[in-house]
Amino acid sequence: MDGKRQYCPRSSPEDDTPPIPVCQNFMVPKKEISMFPDMGKWKRSQAYADYMGFILTLNEGVKGKKLTCEYKVSETIEKLLVLLGTLDRWIDETPPEDQPSRFGNKAYRTWYAKLDQEAEGLVAAVIPEDKAAAAPEIAVYLKEAVGNSTRIDYGTGHEAAFAIFLCCLCKIGALRVDDQLAIIFKVFDRYLVVMRKLQKTYRMEPAGSQGVWGLDDFQFLPFIWGSSQFVDHPTLEPKHFVDEKVVNENHHDYMFLECIKFINEMKTGPFAEHSNQLWNISAVPTWSKVNQGLIRMYKAECLEKFPVIQHFKFGSLISIQPVKP
């Protein structure tokens, strides 16, 4: 295919380009980063450029906006919420098993097997009929986005797979420029609710956790986009998010505070001890500095780490080919 392959969220609607034509040859994504030296191939790839472009464009789109602000909710967004509602319902239908081990409840594997079986159908129900051939390729990212069924763990690589899943929907034209806010405030926010329910219900382990030195056991992106929401806020500064009263009063409006609330519910003891990195961030003077710092940290701690990227899969939509000059 000639020309640049674009995804939907861009800084301005006039930048929007037509989605990928129907003649696109879709393929089932596969791993391409098998050794540490392959990391250079990843950083030079169209996939890396597209993924970072997607993350940063959405970061710009939510700047200064509350979760409760008004925005368009398209048919595709509604369909994605139905899909996530289905995953949520399956958790209710798959209660945890009685087992001696406290962590990694084996019922998760039963839940995951259902998704493994149904993923293509779930994706086909979201995308336009004329793009049905893309379902097998895009479904791989949905299956990668909910954790690992062997290890019963979840981490930032799984979270990234969900962002890639959304990026793919943009590339085929199922999601568009004016879906930007709904992508984060409706779909990604609902995804986080389902992931937290999975983590709690099946006592999932954090994948590749850095323990107290990591930003969070499970997520990263909502801290980036959530800090962007706070940019130029008239009263709430970074120092305020460690105040439980502020969190409880404002978490409905801000994704960052939703994350802090979940941490407070799941962990005991002083915040500075169980979430040292976040405690350090609360000392940064402005939200724009927090936002920029988190983007740098995300690249260094997630996107440039071989143990995370070795699990990424590449196909026709998220391509390992080098960026075209």
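Ala, Val, Leu, Ile, Met, Phe, Trp, Tyr, Cys and Pro count here as nonpolar, Asp, Glu, Lys and Arg as charged, and the others, Gly among them, as polar. By that scheme, the lining of the largest pocket has 15 nonpolar, 14 polar and 10 charged residues. The model is a predicted one, in which local features need pLDDT of at least 70 and side-chain atom pairs count only at pLDDT 80 or more, while totals for chains, interfaces and linings use all residues. Residues are numbered from 1 along each chain as its sequence is written, and side-chain values use heavy atoms, with hydrogens and water left out.

**Overall fold**

- The chain has 14 helices and four strands, where helices (H or I, at least four residues) and strands (E, at least two) are DSSP runs numbered from the N terminus.
- The radius of gyration is 19 Å, close to the 20 Å that the globule rule gives for 325 residues, so the chain is as compact as a globular protein of that length.
- That radius is taken over C-alpha atoms, and the globule rule is 2.2 Å times the number of residues to the power 0.38.
- Along the principal axes, the C-alpha atoms fill a box of roughly 55 × 50 × 45 Å.

**Packing of H2 and H6**

- Helix H2 (residues 46–61) packs with helix H6 (residues 156–171) at an angle of about 90°, and their axes are 10 Å apart.
- H2 is therefore roughly perpendicular to H6, a term for angles of 65 to 115 degrees.
- Axes are lines fitted to C-alpha atoms, for helices over the stretch in contact, and angles run from 0 to 180 degrees between N-to-C directions.
- H2 contributes Asp50, Tyr51, Phe54 and Ile55 to the contact, and H6 contributes Ala160, Ala163, Ile164, Leu166, Cys167, Cys170 and Lys171; contact means heavy atoms within 4.5 Å.
- By class, this contact has nine nonpolar, no polar and two charged residues.

**Pockets**

- On a 1 Å grid over the protein atoms alone, a pocket is an open set of points with protein on both sides within 12 Å along at least five of seven lines, and a cavity is a set where a 1.4 Å probe fits but cannot get out; lining residues have an atom within 4 Å of a point.
- Grid points are joined across faces, edges and corners, and a volume is the space filled by probe spheres set on the points.
- The largest pocket has a volume of about 750 Å³.
- Its lining comprises 39 residues, with Gly155, Thr156, Gly157, Ala207 and Val308 nearest the centre.
- H6 supplies the largest share of that lining, six residues.
- The second largest pocket has a volume of about 310 Å³ and is lined by 19 residues, of which Pro206, Asp217, Phe218, Met266 and Lys267 lie nearest its centre.
- Helix H7 (180–201) and helix H10 (255–266) each give two or more residues to this second lining, and H10 has the largest share, three residues.

**Cavities**

- There are three cavities of 30 Å³ or more.
- The second largest cavity holds about 50 Å³ of space and is lined by Arg196, Gln199, Asp216, Phe218, Gln219, Cys259, Phe262 and Ile263.
- H10 gives the most to the lining of this cavity, with three residues.
- The cavity lining divides into four nonpolar, two polar and two charged residues.

Terms used:
Parallel < 35°, antiparallel > 145°, perpendicular 65-115°, else oblique.
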